Amino acid sequence: MQWHRARVLLAISLCGLAVAAQPKRTFTLEDDRFVRDGKATQLISGSVHYHRIPVPYWRDRLLRVRSMGLNTIEATPLCRHMQLYIPWNYHERFPGEYFWDGMADVFSFVELIQELDMLVLLRVGPYICAEWDFGGLPWWLASSQVVGGGKMHLRSSDPDYLEHVDRWFDVLLPKVAPYLYQRGGPIVMVQLENEYGFIGKADDKHYMRHLVKLARKALGDEIVLFTTDPPPNVEKGSLPDDEIFSVVDFGPGWYNLSDAFGAQRRYNAPGKSPPLCAEFYPGWLVHWGEKMANTSAQVLTDSFSEILSYANGTASVNFYMAHGGTNFGWTAGAGIALYGEQGRGESYQAHITSYDYDCMVSEAGQYGQPGIGGPNKYQMIRDAVKAHTGVDPPDSPPPPTIKAYGQVDLKRSVPLLEALPQLWSGDGIMSKRPLPMEEYGQGGGLILYRTHIRAAALQNGAELDITHPVHDYARVLVEGKVIASLDRNKGAKVSLPLLDKDTADKSKKMLTLDIVVEAIGRDNSGSKFDFKGLVSEDVYLNGDLLQDWRVFPLELKDTALIPFPAQVQPHPNTQPTPTFYRGTFTADAGLKSKDGILPDTFMVMPGWTKGVAFVNGFNLGWYWPKAGPQMTMYIPGPMLRDGENELVLLEVEEGAEKPTVTLGDTPNFFGPEPKKQQIDQQGGMVTTPMRTGRAEMYSQAWQLFEDDTDPHGQQLIMQQ
């Protein structure tokens, strides 16, 4: 990858020398049009996230998206174009430590887009949203070990926040510069921030002007810089006139196009406002416990065609998403829905692991939505592009190979507490009072807090008060047995039961109390910190303050450390306790594609409750079939190997009665009640209007939901 990049950059440089006499490459805004190299251009684009796709599938997914017609031949007035975010926290994972390899090798992804003869709209943040953990902001901004940690005003001109942003942009933007279109690369526009209008103020432009200054210093004056906001928020989220190019985002049928693009035009300089919907939503985000988003394919297609024809075909559009991918590991974000008087109540809503998004190319690269239902959006959009351009799109790549490998018996198991000495060397981190996980240098996963309590405190029942609701869920154990659970949405106090006979008979004066906390995902609105773990130092048992804790951060980076027994033991499901399970399955080398990749598969998990899954040590993310709607987990073929493959689950609630899973060939987003959704006449799943998370912010901004209708009187079929 690194040698390849050097070769491409050298080629760009030499090309610049060789064609010095040729016309200069330009991409500008003129007469309310995009103009590339002197020719008016219409952008028909799709968002694809490199950080949600295994590297061996980057080319495959780009080709599938391109085959919809989002790329077209050079002779047409259309621009071949992809849009992508750069998540700050995916690259600067610790202060001053940067990662650019593997799935973080964004510039190899950009080079691949150029190799496929497409252009790039790059969104560099520093905040991106994207339903990504903390909206792309680094977790360590919450740590007291960094300047302003946990106290700085995020996404503002707070000097402490800007110190970290400046350092990041000083690293990132010089890497971006060689890939600008004017310098021979594919990047034609660069977005700063994202939907800042949700928290910005119309009379405070210092923060956005600071970002523009940083970008101009590193990238020059020729690159088009832009912002994206919903139409009512443009003034609060952007800068006026030609300081930056302001564009809008919205979904199918949400707006009269003249109103939406009019809001954009009023804030841009005259003649420099080509209509652009930078996020046009073919689906929507989904939280655990909701129904799967499945918007009407016909409404989507009709609205898309309307945009393409708007203002004599001068409007441009980007699908968010064209292909969504997967929130592997600890990368999924969450929403916070407000309720009650003046919105003082908060409901935490974590995003599912799949980022399928009900878009045209599914999580596994399939066309349409085999795990959701409805007409084939891929084919309908492909046909609409052809009808508008008159150009035949490229041939569609063959469907991906997905195999049902069969049942996997998880024959070996070990409780989390028994594995603890191998997962964390020593007796934990000494802490007088419990602190959030960020204070222990931890970005995600689970964290165990341990202290000792008097046995007498539980003999007549007890109350545990952690003062502030846990972030996000937890199991409370005494002497290794689960006696209670904590839920971020259910308060900070929990009643503890009487000691059972086995524990009481031990005649111990002191007992071990463990609180195992699950951090499911940080709020991705980027408006405030979302600390993880126990977020109050004050933990009380029957009113007595508990002190002298041992803390065990559990990011689970190496499943080889888990001490599974050599011999198969009886299934330990006598009591629900966090437990690791291990099984193996075989993949025949003869199944490999011409690229040397084994077929994908979907893990079906009947009877399992909630936890995290690993295949060959790779963290697939959280599963939660008890909540749904995601009932299967996508396992990409590149994560598999010839012969024996290892599957590990950490079940945090209660394992299946029969500890097995099935590797099948079909995704399922219908859970936990099969086929509970209804197909409407247009092919979309009818669900109740969206009112949660990011959707709630939209509803508050647009005031569209008083009568559960959109501005045109059509019921929104988004997500409750």
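Buried means under 20% relative accessible area, exposed over 50%, and partly exposed in between. This report applies these terms to salt bridges in a predicted model.

**Salt bridges in the structure**

Side chains of opposite charge can pair when their charged atoms come close. The structure holds 28 salt bridges.

| Salt bridge | N to O distance |
|---|---|
| Glu115 – Arg59 | 2.6 Å |
| Arg209 – Glu243 | 2.7 Å |
| Glu518 – Arg475 | 3.9 Å |

**A buried pair between strands**

Arg475 has a relative accessibility of 8% and therefore counts as buried. Glu518 belongs to strand 23 (residues 510-519) and Arg475 to strand 20 (residues 473-478), so the contact ties together parts that lie 43 residues apart in sequence. Both residues also take part in a network of salt bridges that includes Lys610, Lys626 and Glu653.

Glu115 and Arg59 form a salt bridge at 2.6 Å, N to O. This pair links distant parts of the chain, with Glu115 in helix 4 (residues 106-115) and Arg59 in helix 2 (residues 58-70), 56 residues apart. Glu115 is partly exposed at 46% relative accessibility, and Arg59 is partly exposed at 36%.

In the salt bridge between Arg209 and Glu243, the closest N and O atoms are 2.7 Å apart. Arg209 lies in helix 6 (residues 206-219), whereas Glu243 sits in the loop between helix 7 (234-237) and strand 10 (245-250), 34 residues apart. Relative accessibility is 39% for Arg209, which counts as partly exposed; Glu243, at 28%, is partly exposed.

Notes: Residues are numbered from 1 along each chain as its sequence is written. This is a predicted model: local features need pLDDT of at least 70, side-chain atom pairs count only at pLDDT 80 or more; totals for chains, interfaces and linings use all residues. Side-chain values use heavy atoms; hydrogens and water are left out. A salt bridge is a side-chain nitrogen of Lys or Arg within 4 Å of a carboxyl oxygen of Asp or Glu. Helices (H or I, at least four residues) and strands (E, at least two) are DSSP runs, numbered from the N terminus. Buried means under 20% relative accessible area, exposed over 50%, partly exposed in between (1.4 Å probe, protein chains only).
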